[in-house]
Amino acid sequence: MNRHRTALSVLLSAGALVAGVLTAATPSIAADAPTSFRPQHTQGFWTAERMRAATPLDVTAVPGAARTAVAASATPTAIAPTAAASAASPTAFPQAGGAWTGGGAVVKTSGRVFFTMGGRTASCSGNSITSANGSTVMTAGHCVKYQGAWHTNWVFVPAYNNGSAPYGQWSATKTFATDQWAASEDMNMDVGLAVVAPLNGQTLSQAVGAQGVLFNGGYSKRMYSFGFPAAAPYDGTKLVYCSGNSGKDFLLTKDHSLGCNMTGGSSGGPWFQDFNEATGLGTQVSVNSFGYTFLPNRMYGPYLGNEAKAAYDKAQAS
């Protein structure tokens, strides 16, 4: 491998890590690059055994890859949460990574994402967010499209529990990414969304609730991150969280930064500011995206700016 590689690793996994490489080219954004996809899904494909055995993946990226400037001074846009939930006991702050035992809304809105890519099965994490259609999941861009190909057999399993799906498997009718991720896989814009079909006569938000979202909310916040890491020392069976005061990446991206030891499989899990441990409700401001190989126990998540808001608007109107 080129000595300039291994700068960062994307947290897309379901177990141990497999190496891969992003292109070193600096692609420009194509005006006609598709930013959404209608993934096929075979009903019954995701058995408990298949979910537990989803193929792991870890990728490295090249320093100096294309980066899009992020305007943190834009007017904030906030979308309120859809529903409250039962009270929960407080947990620890800060927390570098541990099982979430507090309960509350986040247990239902967070879940695992499963899909097929390159003939293999893989997993990420995701979160139900408030939207006009009541059926929108936010995740990482590489959890809907990676290395130029959109994933298929895409499902969201809220409140995943060691192979069980207590609220069902929600199949994506269409997946979305920011224009910049869809065109060039710009790590600054690693944001994806999915619109899922109704299940048992209900929309996703009716069944499990939905968290609020904030775009252009600024940096350096008190933050909570959630996900389903599957690489050691985790096994993908339970919801894990990190908490602490966030910062800003000073190396390759304009991402948020948080002390966190979550591993592969946590990609796409939500980052919340204004998180209430008693209710499990918060305002989503990012997703788990990547970690630098030479800076262990630190997670990075994209800034939700105008680009992410545009992708969200397309998804919620779908």
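Which residues does D255 touch, not counting residues up to four places away in sequence?

1. The contacts of D255. In this predicted model, the list for D255 runs to M187, N188, Y219, G247, K248, D249, S289, F290, Y300, G301, P302 and Y303, once residues up to four places away in sequence are set aside. D255 itself is found in the loop between β17 and β18. Its relative accessibility is 0%, so D255 counts as buried.

2. Is F250 buried or exposed? F250 counts as exposed because its relative accessibility is 65%, whereas D255 is buried at 0%.

3. The nonpolar patch. F250 belongs to a nonpolar patch on the surface, together with L251 and F294. The accessible area of F250, L251 and F294 together is about 340 Å². For the chain as a whole, the accessible surface comes to about 11,700 Å². Carbon and sulfur atoms account for 52% of that surface.

4. Disulfides, count and pairing. The model contains two disulfides. A disulfide is a covalent bond between the sulfur atoms of two cysteines. With the bonded cysteines of the chain numbered in sequence order, the pairing reads 1-2, 3-4.

5. The disulfide of C124 and C143. The sulfur atoms of C124 and C143 are 2.1 Å apart. The torsion about this S-S bond is -80°, and the link is left-handed. C124 lies in strand β7 (residues 120-129), while C143 is in the loop between β8 (residues 136-139) and β9 (residues 145-146), so the bond ties together parts that are 19 residues apart in sequence. C124 counts as buried because its relative accessibility is 0%. C143 is likewise buried, with a relative accessible area of 0%.

6. The disulfide of C242 and C260. Here too a disulfide is formed, with the sulfur atoms of C242 and C260 2.1 Å apart. The torsion about the S-S bond is about 65°, so this disulfide is right-handed. C242 lies in strand β16 (residues 240-245) and C260 in the loop between β18 and β19 (residues 270-276), so the pair ties together parts that are 18 residues apart in sequence. Both C242 and C260 are buried.

7. Salt bridges. How many salt bridges does a search of the whole structure find? The search finds two. One of them joins D179 to K314, with the closest N and O atoms 3.2 Å apart. D179 lies in helix α3 (residues 179-184) and K314 in helix α5 (residues 306-316), so this pair ties together parts that are 135 residues apart in sequence. D179 is partly exposed, with a relative accessible area of 35%, and K314 is partly exposed at 39%.

8. K309 forms a salt bridge with D313, the closest N and O atoms being 2.9 Å apart. K309 and D313 both lie in helix α5, four residues apart, which is about one turn of the helix. D313 counts as partly exposed because its relative accessibility is 29%. Helix α5 thus holds both K309 and D313 as well as K314, the partner of D179 in α3.

9. Overall make-up. The chain has five helices and 22 strands. Of its 318 residues, 60% are buried. Among contacts between residues at least 6 apart in sequence, 76% join residues at least 24 apart.

10. Confidence. The average pLDDT of the chain is 81, and 73% of the residues score at least 70. Where is confidence lowest in the chain, and where highest? Strand β3 (residues 59-60) is lowest, at a mean of 36, and β8 is highest, at 98. Over residues 1-7, pLDDT stays under 50, and the model has 18 contacts beyond four places in sequence for this stretch. Residues 83-90 also stay under 50, with 20 contacts beyond four places in sequence.

Note on methods. Residues are numbered from 1 along each chain as its sequence is written. This is a predicted model: local features need pLDDT of at least 70, side-chain atom pairs count only at pLDDT 80 or more; totals for chains, interfaces and linings use all residues. Side-chain values use heavy atoms; hydrogens and water are left out. Patches are made of residues with over 30% relative accessible area and no salt bridge: like charges are joined within 9 Å, nonpolar side chains (Val, Leu, Ile, Met, Phe, Trp, Tyr) within 5 Å. Accessible areas come from the Shrake-Rupley method with a 1.4 Å probe; for residues, only the protein chains shown count as cover. A salt bridge is a side-chain nitrogen of Lys or Arg within 4 Å of a carboxyl oxygen of Asp or Glu. Buried means under 20% relative accessible area, exposed over 50%, partly exposed in between (1.4 Å probe, protein chains only). A disulfide is a pair of cysteine sulfur atoms within 2.5 Å. Helices (H or I, at least four residues) and strands (E, at least two) are DSSP runs, numbered from the N terminus. pLDDT is the predictor's confidence in each residue, from 0 to 100. Contact means heavy atoms within 4.5 Å.
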